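Hello,

Please find the structure below, together with its sequence.

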Amino acid sequence: MKGDYLGDLEQLTLTAVMLLGREAYGGSIHEKIEELAEGFRAVSLGSAYTTLERLEQKGYVKSWFSDPTPERGGRAKKYFEITASGEAAVKNSLKVANNMLREIGGVA
Amino acid sequence: MRQYSLLWGHIIELNPGLHWRTFGHNLGESESVVVQFGRDWLTPTVKMRRQLSPDPLEGWFFTGSGFNAKSLETAIRFSQKVPPVKAEYLFYFFLEAKTCDALVGDLEERYKLILKKFGKFKADLWYWSQAIRSTGPIAWAWFKKGVMKPVVTVMGSKIVHDLLKNTHLLEIVKTVLAEWLKRMRG
């Protein structure tokens, strides 16, 4: 769909949220991003949060807070869930990446 | 005699006679910690007990005299189980309080994990590199949202207003735009 273009950090973040499902909160999303980026891109926790906020404003994710837990010093977790339009945006971005890969004959 | 405990990372003062005072077990002499009050290192007459808890610090409580909740909080920092200084002060200015709490909670959660696996030096290094690297993007996002957008809007409307008043300038802009369109189509 036209207008669903995502930046590379947005693409990484949305993919991480999609892969984590019900376990997607700030910390786990940040770890997943690092895992997906495989050291090619360093992303701070703050960058992950600002990207998630931007994605929420675009309607690609929705968020809610859990109850506070003692393990986190009485702080709540902010959980995220991908929306239907978010999933569509990720799939469109991956389709474009796939097309580019096909055109250049794959990568090693 | 005053009694203190840790609850969700915060020192709380206990009222005597609480039923869970007898919960847990006494630690041996060799298990007491060295506590720093101000500049002096002391081994105070602090009896420590521990409740069953997944967090190594949660559920500890202290009895003793000659110190207060604030100095005990300092002591807990020296017991190397919590980050040296809380980074939340860096973020509270730019983020909504609940989101800031969640971010600091994530930082502390990972800090404890690294501390357990690799020790204090690496945990401190990770914590502060994350805290410092996170400040830039958060401050920039806040600046864009809170400062740049209103400034650009005001400046844009001022330019448009001035353009509409100045017919000569308007003619120049029209000519440049027409030329640009012609080139784009060509």
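If we set aside the neighbours within four places in sequence, Glu10(A) is in contact with Tyr5(A), Thr51(A), Arg54(A), Leu55(A) and Lys58(A). Please keep in mind from the start that this is a predicted model, and that every value in this message was computed from it. Glu10(A) sits in helix H1 of chain A, which covers residues 8–20. Is Glu10(A) buried or exposed? With a relative accessibility of 5%, Glu10(A) counts as buried, because the cut-off for that word is a relative accessible area under 20%.

Turning to chain A as a whole, you will find four helices and two strands in its secondary structure, and when you read along the sequence they come in the pattern α-α-α-β-β-α. Chain A has 108 residues, and 44% of them are buried. If you take the contacts in chain A between residues at least 6 apart in sequence, 51% of these join residues that are at least 24 apart. The accessible surface of chain A amounts to about 5,900 Å², and carbon and sulfur atoms account for 54% of that surface.

In chain B, what I would point out is a nonpolar surface patch of about 600 Å², which is made by Phe93(B), Trp140(B), Trp142(B), Phe143(B), Met148(B) and Val152(B). One of these residues, Phe93(B), is placed in the loop between helix H2 (88–91) and helix H3 (97–118) of chain B. Phe93(B) has a relative accessible area of 58% and is therefore exposed, since that word is used for values over 50%.

Finally, some words on confidence. The average pLDDT of chain B is 64, and 52% of its residues score at least 70. Among the elements of chain B, the highest mean pLDDT, 86, belongs to H3(B), while the lowest, 32, belongs to strand E3 (residues 25–26). Over residues 14–61 of chain B the pLDDT stays under 50, and for this stretch the model has 88 contacts beyond four places in sequence. The pLDDT is also below 50 over residues 76–81 of chain B, a stretch with 20 contacts in the model beyond near neighbours in sequence. For the complex, the predictor gives an ipTM of 0.83 and a pTM of 0.61.

With best wishes

Key
Residues numbered from 1 in each chain as written. Chains lettered and ligands numbered in written order. Predicted model: local features only at pLDDT ≥ 70, side-chain atom pairs only at ≥ 80, totals over all residues. Heavy atoms only, no water. Patch = residues over 30% accessible without salt bridge, like charges linked within 9 Å, V, L, I, M, F, W, Y side chains within 5 Å. Areas by Shrake-Rupley, 256 points an atom, 1.4 Å probe, with all protein chains shown as cover. Salt bridge = Lys/Arg side-chain N within 4 Å of Asp/Glu carboxyl O. Buried < 20%, exposed > 50% of the residue type's maximum accessible area, 1.4 Å probe, protein only. Contact = heavy atoms within 4.5 Å. pLDDT = per-residue confidence, 0-100.
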